[in-house]
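This report looks at how the parts of one chain meet. Have the sequence and the model open while reading.

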Amino acid sequence: MAGFTLPDLPYDFDALEPYIDARTMEIHHDKHHAGYTNKLNAALEGHGALESKSIEEILRGIDGVPEDIRTAVRNNGGGYANHSLFWTVMSPDGGGEPDDDLAAAIADTFGSFAQFKETFSNTASGRFGSGWGWLVLDGGGNLHVYSTANQDSPYMQGHIPILGLDVWEHAYYLHYQNRRGDYISNWWNVVDWAQVAKNFEESR
Ligand code: MN
């Protein structure tokens with residue numbers, strides 16, 4: 001069995017209340033993220049060359065993954081990596097705005113923090129069906145906002161995700177039902193900009 005392990009949540013299930021409810025966090029982490037982790041490990045079993053790589057390396061090389069396991073690795077490896085990032089970019093002490101270099105880069109790219117926030121929110125809310133909203137760095141160190149379908153990861157197109165928002169219904173349905181827009185506007189209150197800035201500094 002390959003060795004990817006489910007990371008612990010860095011806070012309690014109820015830490016992001018009232019914006020994200022405890023029951024959603026518990027099911028999301030203990031069932032959904034655990035499921036992606038187990039299925040990723042099962043798919044990689046017996047594929048020694050892949051088992052020794054990091055999840056980022058595997059996703060960057062998704063087109064070279066053997067065809068019989070490629071879809072399983074795409075879905076579950078993406079799910080594993082996306083959720084591993086997602087927990088860390090939220091915090092009970094989150095919200096507000098970034099500062100320093102990340103703030104400057106966001107203003108340069110999107111015009112202002114408010115415009116970035118609007119673009120990101122519209123992109124995430126407009127993703128049809130299940131997927132993610134992203135703030136990523138490309139190979140040239142430029143920021144982009146886009147969404148991906150299902151569990152597709154920005155690593156699959158050579159980008160580095162520094163902020164991600166899960167817009168699968170399992171991320172919000174218990175508390176928000178069909179109101180994805182309310183989930184997104186509340187989510188900004190828990191975004192951990194210190195962590196996103198760290199991701200930015202380490203990735204560029
Ligand atoms: Mn999810």
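## Domain layout

Which domains does the domain assignment of the chain give? Domain 1 covers 22-88, and domain 2 covers 100-203. The model is predicted. Taken over C-alpha atoms, the centres of domain 1 and domain 2 lie 20 Å apart.

## Extent of the interface

Domain 1 puts 19 residues in contact with domain 2, which answers with 24 residues of its own. Together, domain 1 and domain 2 bury about 1,700 Å². Carbon and sulfur atoms carry 62% of that area.

Which residues of domain 1 lose the most area to domain 2? They are N82, L85 and F86. This trio makes up 32% of what the domain 1 side buries.

## Polar and charged links

The count of salt bridges between domain 1 and domain 2 is 1. R74 and D152 form a salt bridge, with their closest N and O atoms 3.0 Å apart.

## The domain 1 side

The largest share comes from α4, with 9 residues.

How do the residues of this side divide into nonpolar, polar and charged? The side of domain 1 that touches domain 2 has 6 nonpolar, 9 polar and 4 charged residues.

Key. Residues are numbered from 1 along each chain as its sequence is written. This is a predicted model: local features need pLDDT of at least 70, side-chain atom pairs count only at pLDDT 80 or more; totals for chains, interfaces and linings use all residues. Side-chain values use heavy atoms; hydrogens and water are left out. Domain bounds come from an automatic or database domain assignment. Contact means heavy atoms within 4.5 Å. Buried area is the accessible area (1.4 Å probe) that two parts lose on being put together, summed over both. A salt bridge is a side-chain nitrogen of Lys or Arg within 4 Å of a carboxyl oxygen of Asp or Glu. Helices (H or I, at least four residues) and strands (E, at least two) are DSSP runs, numbered from the N terminus. Ala, Val, Leu, Ile, Met, Phe, Trp, Tyr, Cys and Pro count as nonpolar, Asp, Glu, Lys and Arg as charged, and the others, Gly among them, as polar.
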